[in-house]
Amino acid sequence: MDTYKEQIVKIRRTGASFMLSTLVWFCAMAITAVLILLIAKLAVIIAFLLFYGAMYITQRFNIEYEYILTNGELDVDKILAQRSRSRLFTIKCADIEAIGRYQKGMKLGEQVYMCCNADDEAYYMRARDKKGKPICIVIAPDEKMKQAIKPYLSRIIQREAFEK
């Protein structure tokens, strides 16, 4: 029987990203004002380009992660501005070496993928990528995703998987 489950996690904007977004728009307006005073003929074209660039940059702060489970393989994609999608990694659930509750500030290793909000009910998973390098991922699966992942884990990991 084929298994397919997907879940999207939207990353909430922080105060820092909001301030950075505001700074980008402020700079675009300030540069436009200066250009209107200095180069009136080209100011409209340059202003259009500046505002388009500011819009493009600030939309890149809208981040989502999509977890896709297909027949025991977990894919995690990063989606920027609901347009651009990139695959972060793919792991086989059978190759997961450890699962546990994630607590803020945990030391998880060198290569860590934080694929959820910091204050979500998150779990870490230690595994190896397709090249054999150790990775650690932090995800916030919903109950349906947890139940879909569990049968593909090794028996030892299944017992402790997603415990509270």
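**Salt bridges across the chain**

Q: Does Arg 12 count as buried, exposed or partly exposed?
A: Arg 12 has 46% relative accessibility. Buried means under 20% relative accessible area and exposed over 50%, with partly exposed in between (1.4 Å probe, protein chains only). So Arg 12 counts as partly exposed.

Q: How many salt bridges does a search of the whole structure find?
A: Heads-up: this is a predicted model, where local features need pLDDT of at least 70, side-chain atom pairs count only at pLDDT 80 or more, and totals for chains, interfaces and linings use all residues. Residues are numbered from 1 along each chain as its sequence is written, and side-chain values use heavy atoms, leaving out hydrogens and water. A salt bridge needs a side-chain nitrogen of Lys or Arg within 4 Å of a carboxyl oxygen of Asp or Glu. Searching the whole structure on that basis, the number found is 11.

Q: How many residues apart in sequence are the parts that Arg 12 and Asp 119 tie together?
A: These two side chains meet in a salt bridge at 2.5 Å, N to O. Arg 12 sits in the loop between β1 and α1, and Asp 119 in the loop between β6 and β7, so the parts they tie together are apart in sequence by 107 residues. Helices (H or I, at least four residues) and strands (E, at least two) are DSSP runs, numbered from the N terminus. To repeat the separation: 107 residues.
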